[in-house]
Amino acid sequence: AYLLLPIFALILSPDEYGRYALFVSAMAIINLIFDMGLSKAASRNYVDYEEDPRRLRRFLEHLAIQRAGLTLAVGAILGLLAIPLWNFVTAGGLTWWPYLPLLLTIAAMDSFLLIVVLIHRMRNDALGFILLKLGQACAQFAFGIGIVTLTGWGAQGAALGIALGSAVSFLAATVVYYLRLIPKEESDRSLHGWGMFRANFSYGAPLLFYDLAFWLRTQADPFILIRFVGLATVGVYQLGYVSGMVMGLLVVSIDLAYAPLYYRWKRSLAEADMLHRLSSTLLTLLTASFAVVGVMLARPVLLAVLGPERALAADVAPLLIVSHFIYGHYLAGTRSLFYARRVRPITLFSITVSLSCIAITFFAVPRFGVMAAAWMNATTFSILWIGGCVITRFYAPPVVVPLKLQIGLTLGLLGLVVAEPSMLGVGAMGIVE
C-alpha cells in the first residue's frame, strides 16, 4: 500500500490523494492492533516446536484457532469503539462509511496472512515469503488502479482495491497454510491448546505496545497535520514519507530475516554474541550505504518527478530516510531482549517515548511548520535507540552492537541532510494550504 502511494498520486485529485494517504496510515495501525502481538509470539515460539513434526502440527493447528478468536474479539471491540471516535481521530478527513468497514475487513484478513508469511520466514523459505507478499501487492495494485480508472471512485475505489487484493491473498495464504505448512504427521494431543494460547498471548500481547510505538510514531503525522493543513498538503507530506518508509521496509525486512538466525545461534552456539556483533556491523554498513544513496538522490528525484509544487515531499524525504536508518539501530540493539523474553521494560519505554513525542509534534507543527513533524521522527527514533541499548544493558546483557560505528554514521547522515539549503530552518515550509 505504501509503495502504491506515488502511483495513486498520478490518478487521484490532490484532496482525494490526501484522503487515501490517511486511509493507508489508519490501515497500518488497525492491522497492528488486530495482530495483538500473536505473529511475533508465533515467530519466537516456533523454534521450540519445529524439530518434532507432531508437536509442530499441534502448535500450528491451535495457532489458527487463536488467530480466528482474536480476530473476532478485537474486530468487535474496535468496531464499537471506533464509530463514536472516528470524526475526532480523523478530523473529518475520512467518513466512517465506507472506510471503517473496509479497514476492519482488511485487518482481519491481513492478520492471518501475516502469520503465514512469518512462518515462511522461520522456515527460511524466502521464495514462499516473497510470493505471498508480492502477490498481495500485485493484487492490490491491479484492483485499486482498475477500480479508480474505470469508476472514478477516487480514494474509496483505491481503498476497495486494497480490500479485494487482501481477500485474494487471504485465500491463497489459507490454502498454503493447511496444505503446505502444517506437517502431515498425526498431531501430538498431549499439548494443551490453552497452555499454548497462554504462552503466545503472554509473550505477544505486551509486544502490541512495542509495535505501536513504531507505527503510531510513523503514522501519527497525517492525523496531526490534517488539523492544521489541507488534505492536499497531507498527501504531499506522505509522498515524501514513502521514501523514508522504503528505508524502513529495508531495515524491518533485514530484521525479519535475521531474527530466526539469531534465535538459533543463541540456542546452540557459545559464539552467538560475537556473531551478532559481526552481523550487526555488516548490516549497519549495508543499510548506511543505502541511506547515503537515498539522502543524496531523494530530493532531486522527487523534485523532478513530482514538480516544484510538491517540494514539501522532497524536503521531508532525506530526513525520514535517516530516521528509519536510526530505527534499524534500535532493532539491532534490543534483539537479545526478545530472545530472553524480557520485553516488558522495552515495551513500556518505547510506548512512553512515542506518545510523548507525538504530543510534542502536535504542538510543534503549528509553531514551526510541517517540517517539525519530520524532525520529531528523527528525535523519537534516536531516543528509542539510545534508551533501548541502556535497557538491554541491564535486562539482557551484554550490548554487543557497534555503537560507535552507528553513532558516527548517523551523525554523518544528519550532516548530509542539514546541508540541503531547504533544511536549514525547521519551519522553512511553513503551514501550506
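Q: Which helices each supply at least two residues of the lining of the second largest pocket?
A: They are α2 (14–35), α4, α5 (96–122), α8 and α13 (344–368). Keep in mind that this is a predicted model.

Q: Which helix gives the most to that lining of the second largest pocket?
A: Helix α4 does, with eight residues.

Q: How is such a space found, and what volume does the second largest pocket have?
A: The general idea first. Rolling a probe the size of a water molecule over the atoms shows where empty space is left. Here, the second largest pocket holds about 770 Å³ of space. Its lining counts 23 residues, and I29, L85, V89, L216 and F223 are the closest to the centre.

Q: What is the class make-up of the lining of the second largest pocket?
A: The lining has 20 nonpolar, two polar and one charged residues.

Q: How many cavities of 30 Å³ or more does a search of the whole structure find?
A: The search finds one. The volume of this largest cavity is about 210 Å³. Sixteen is the count to remember for the lining: of those 16 residues, V251, I254, L283, G328 and A332 lie nearest the centre. Helices α9 (231–268), α10 (272–306) and α11 (311–333) each supply at least two lining residues.

Q: What classes of residue line the largest cavity?
A: Seven are nonpolar, seven are polar and two are charged.

Q: Now the helices. At what angle do α4 and α8 pack?
A: Start with the general idea. Two packed helices are described by the angle between their axes and the distance between the axes. For α4 (residues 53–90) and α8 (residues 193–225), the angle is about 35° and the axes are 12 Å apart. Their crossing is right-handed.

Q: Which residues of α4 and α8 meet?
A: From α4 come R58, F59, H62, L63, Q66, L70, V89 and T90. From α8 come G193, M196, F197, N200, F201 and F223. By class, this contact has eight nonpolar, five polar and one charged residues.

Q: Take F214 in helix α8. Why does F214 count as buried?
A: The cut-off for buried is under 20% relative accessible area. F214 has 5% relative accessibility, so F214 counts as buried.

Q: Which residues does F214 touch, beyond those up to four places away in sequence?
A: F214 touches H324, Y327 and F381.

Q: How far apart are F214 and M247 in space?
A: They lie 14 Å apart, C-alpha to C-alpha, and 33 residues apart in sequence.

Key: Residues numbered from 1 in each chain as written. Predicted model: local features only at pLDDT ≥ 70, side-chain atom pairs only at ≥ 80, totals over all residues. Heavy atoms only, no water. Axes fitted to C-alpha atoms, helices over the stretch in contact; angles between N-to-C directions. Helix = DSSP H or I, 4+ residues; strand = E, 2+ residues; numbered from the N terminus. Left-handed = near helix turned anticlockwise from the far one by under 90°. Contact = heavy atoms within 4.5 Å. Nonpolar A, V, L, I, M, F, W, Y, C, P; charged D, E, K, R; others polar. 1 Å grid on protein atoms, 1.4 Å probe; cavity = no way out; pocket = protein on both sides within 12 Å on 5 of 7 lines; lining within 4 Å. Points joined across faces, edges and corners; volume = space filled by probe spheres on them. Buried < 20%, exposed > 50% of the residue type's maximum accessible area, 1.4 Å probe, protein only.
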